[in-house]
Amino acid sequence: MSFSRVVLRAGRSCSAMPTRAFSVKSVARSAAEPTYKAPALGVNKTFDEALKVIAEDKAKRLADIKNMETTLAQLIKAAPSAAKDTEIAALQENIFKQEAYAEINDPEIQWQFKNNKNIDMSKAVFRFMKGKQFKRETLPVIQQRTAQMFVTPDLLPTLTPSVNVQLDFGAGSIPQGTKLTDGYFETGSFLLPGKTTQEPKVNVTSFHPEQRYYTVALVDPDMPDVENETYKQQLHWLIANVPLSATQTELTKENSDVVLSYLPPHPPKGTKYHRYTLLLAEQPNNGQDKIQMDATQISRETTLRDLCSHFKLEVKGLTFFRQVWDKDVSRIYKEVLQQDEPVYGNQPKVDELLDETGQKKKKFIHM
């Protein structure tokens with residue numbers, strides 16, 4: 001749509017000018033999201049030749065995949081053995097890679113990935129590319145933060161995450177200046193206690209096409225243990241049998257088993273920052289088995305190590321945020337927890353020169 005030129009002449013007011021209705025569609029069209037436009041053929045001979053090479057390579061790989069799938073079907077019917085399982089796993093991995101390589105040079109695929117448009121995680125090529133991106137960009141940040149802030153080894157001896165876990169506490173929950181990745185706060189960021197009183201949305205990017213079951217646990221490893229003069233873990237949230245896959249990315253309580261309901265983070269007054277860590281643990285048999293967690297046998301003080309050992313869980317991913325005490329914590333203790341708020345601090349130093357009455361002793365005495 002073209003707009004006519006408007007000229008204001010002396011002696012003519014704006015109110016006297018005829019009004020024009022502007023089309024909303026024209027504005028929306030100018031701000032429309034970009035779409036892929038294939039370059040015209042016959043313009044660039046080099047590009048045309050490259051497309052032919054890509055097509056030939058794809059055809060060859062698809063033929064190889066067909067042969068490998070035939071071999072895989074025969075292997076599956078063979079007698080069970082450890083060697084068979086190893087060979088099947090290797091063949092499945094090879095098929096996955098060949099499916100990805102068959103499409104990875106397609107210009108449209110490359111455009112979609114670069115612009116994060118129409119990413120279909122049911123396709124091997126996008127799972128492959130997203131997996132590489134995770135290892136290259138996200139994984140180093142997670143490992144750096146978990147080591148730098150001692151999540152490992154305080155909660156886990158070591159960990160190399162294979163899935164990406166992200167939390168969303170809703171609009172306005174992330175303080176200004178916090179570094180974001182795809183709209184989510186980065187691992188280790190500080191959040192305000194008043195903004196995390198409601199359970200978050202949990203988003204998981206995994207790279208396996210099949211559905212697997214996971215257990216989700218939100219743990220605070222920094223609660224004071226006054227009796228033992230150390231720290232203890234507190235479970236803030238525990239959900240079992242969470243179904244997830246490359247295309248099923250959000251935690252839904254309707255299809256899962258909530259063992260311990262969400263307990264809002266509440267770092268006590270007088271303590272240092274707390275590391276609220278959400279862990280995603282794969283359940284037995286490569287995530288194919290459901291588990292039975294008896295809530296009567298699990299308390300808020302059950303440790304992550306005990307959970308993983310008893311239910312044969314394997315942690316695959318995590319994220320964490322940090323919090324310190326503020327006035328909202330007092331409100332959480334009063335309104336949500338409905339208990340008196342504890343206050344912690346260092347023991348006062350004992351002055352050895354004070355007697356039992358509190359009077360100052362003489363430092364030196366005459367012998």
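Reader: Is phenylalanine 169 buried or exposed?
Author: Phenylalanine 169 is buried, at 13% relative accessibility; buried means under 20% relative accessible area, exposed over 50% and partly exposed in between, with a 1.4 Å probe and protein chains only. This is a predicted model, where local features need pLDDT of at least 70, side-chain atom pairs count only at pLDDT 80 or more, and totals for chains, interfaces and linings use all residues. Residues are numbered from 1 along each chain as its sequence is written, and side-chain values use heavy atoms, with hydrogens and water left out.

Reader: How many aromatic pairs does the structure hold?
Author: The structure holds nine. Rings of Phe, Tyr and Trp (its six-membered ring) pair if their centres lie within 6.5 Å; planes under 30 degrees apart are stacked, over 60 edge-to-face and the rest tilted. One of the pairs is phenylalanine 169 with phenylalanine 321, edge-to-face at 5.4 Å centre to centre and 80° between the planes.

Reader: And what about phenylalanine 321, buried or exposed?
Author: Phenylalanine 321 is buried, its relative accessible area being 0%. Phenylalanine 321 also pairs edge-to-face with phenylalanine 185, at 6.2 Å centre to centre and 85° between the planes. Phenylalanine 185 is buried too, at 7% relative accessibility.

Reader: Which residues do ring pairs link into a cluster?
Author: The cluster consists of Phe169, Phe185, Tyr276 and Phe321.

Reader: Changing topic, which residue lies over the face of tryptophan 325?
Author: Lysine 269 does, at 4.8 Å from the ring centre. A charge sits over a ring if NZ of Lys or CZ of Arg is within 6 Å of the ring centre and within 35 degrees of the ring normal. Arginine 322 lies over the face of tyrosine 273, at 5.0 Å from the ring centre.
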